[in-house]
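The sequence and the structure are shown first.

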Amino acid sequence: MVEIKSGSITDADSLRNLCRETFYKKWKSTNTEKDLLTYMNEFFSVEKLVAELNDIEITYLLAQKNNELIAYTKLNRNKIDGELGNFKPIELQRMYVKEEFARMGIGQKLMNEAIEIAVSEKFEVMWLGVWEQNTPAINFYKQFGFEFYGSHEFVLGDDITTDLLMKKIL
Ligand SMILES: CC(C)(COP(=O)(O)OP(=O)(O)OC[C@H]1O[C@@H](n2cnc3c(N)ncnc32)[C@H](O)[C@@H]1OP(=O)(O)O)[C@@H](O)C(=O)NCCC(=O)NCCS
């Protein structure tokens, strides 16, 4: 049984491990070790995660099975990118499912919960950035009605790549 919960600071250590493991496994074949470490050390430290878990503008949604964290996504209420008109925006930042649990509907559960929260808080558009070559994730987002509306640069260590921006009107 997989349950979805909002993260709290007691999850910081396990969340750190989940963030690092999923990010590293996903990107190790297309990035240098140095760039991955630089990114992970900046964004996936316990200090950074504790600060985010305490931030009312941010919600981490965690999927848990038998007390083990197996997937997460993050909602950001204080960021906007690209042209989103007058719609009140919320960002879906990162969505990672452990490899061994992929294609079991866990990403879908997280997305449904994220959309439910956003709608209940009267947000009007959900947006995200996804690497232009991450076709599986793009297909996943398209399943939920996300559409392209722009692009931005994404910096990973010394590497600068293009993220496509996608949005879904809520
Ligand atoms: C992309 C990801 C979040 C999807 O989560 P998931 O739990 O594996 O996806 P689900 O099982 O909920 O899939 C829901 C639907 O999305 C679509 N989908 C999911 N993964 C897909 C893939 N690899 N290729 C094509 N469509 C996909 C399918 O329509 C799927 O329904 P189906 O299995 O009945 O066909 C997950 O595989 C992942 O963590 N990938 C690595 C990290 C990553 O790239 N994250 C995005 C960074 S922006």
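The text below goes from the whole chain to single residues.

**Basis.** Residues are numbered from 1 along each chain as its sequence is written. The model is predicted; local features need pLDDT of at least 70 and side-chain atom pairs count only at pLDDT 80 or more, while totals for chains, interfaces and linings use all residues.

**Overall fold.** The chain has 5 helices and 7 strands. Helices (H or I, at least four residues) and strands (E, at least two) are DSSP runs, numbered from the N terminus. Their order along the sequence is β-α-α-α-β-β-β-α-β-α-β-β. The C-alpha trace spans about 40 × 35 × 30 Å along its principal axes. The radius of gyration of the chain is 15 Å, which agrees with the value near 15 Å for a compact globule of 170 residues. That radius is taken over C-alpha atoms, and the globule rule is 2.2 Å times the number of residues to the power 0.38.

Of the 170 residues, 25% count as buried. A residue is buried if 20 or more other C-beta atoms lie within 10 Å of its own, exposed if 12 or fewer, and partly exposed in between, with C-beta atoms placed from the backbone. Among the contacts with a separation of 6 or more, 65% join residues 24 or more positions apart. Two residues are in contact if their C-beta atoms, placed from the backbone, lie within 7 Å.

**Ligand shell.** There are 18 residues around the ligand, and Gly107, Gln108, Pro136, Ala137 and Asn139 come nearest. The elements that give two or more residues to this shell are strand 4 (89-97), helix 4 (106-120) and helix 5 (135-143). Helix 5 supplies the largest share, 5 residues. By residue class, the shell divides into 10 nonpolar, 6 polar and 2 charged. Here Ala, Val, Leu, Ile, Met, Phe, Trp, Tyr, Cys and Pro count as nonpolar, Asp, Glu, Lys and Arg as charged, and the others, Gly among them, as polar.

**Helix 1 and helix 3.** Helix 1 (residues 12-27) packs on helix 3 (residues 46-53) at an angle of about 115°, and the axes are 9 Å apart. Axes are lines fitted to C-alpha atoms, for helices over the stretch in contact, and angles run from 0 to 180 degrees between N-to-C directions. The crossing of helix 1 past helix 3 is right-handed; the near helix is then turned clockwise from the far one by less than a right angle. On the helix 1 side the contact is made by Ala12, Asp13, Leu15 and Arg16, which meet Val46, Leu49, Val50 and Leu53 of helix 3. The residues of this contact divide into 6 nonpolar, no polar and 2 charged.

**Positive phi.** Most residues other than glycine have a negative phi. Asn67, not a glycine, has a positive phi of about 70°. Asn67 sits in the loop between strand 2 (58-65) and strand 3 (68-76), and is exposed, with 6 other C-beta atoms within 10 Å. Arg103, also not a glycine, has a positive phi of about 60°. Arg103 belongs to the loop between strand 4 and helix 4; with 10 other C-beta atoms within 10 Å, Arg103 is exposed.

The table gives C-alpha to C-alpha distances.

| Pair | Separation in sequence | Distance |
|---|---|---|
| Glu99 and Ala71 | 28 residues | 9.4 Å |
| Ser14 and Ile70 | 56 residues | 9.8 Å |
| Lys25 and Lys98 | 73 residues | 9.0 Å |
| Gly129 and Lys25 | 104 residues | 19 Å |

Glu99 is in the loop between strand 4 and helix 4 and counts as exposed, with 10 C-beta neighbours inside 10 Å. Ser14 lies in helix 1 and is partly exposed, with 16 other C-beta atoms within 10 Å. Lys25 is in helix 1; with 12 C-beta neighbours inside 10 Å, Lys25 counts as exposed.

Is Gly129 buried or exposed? Gly129, in strand 5 (residues 125-131), is buried, because 21 other C-beta atoms lie within 10 Å. Not counting residues up to four places away in sequence, Gly129 touches Asp81, His152, Phe154, Asp163 and Leu165.

Definitions and conventions: Near = placed C-beta within 6 Å.
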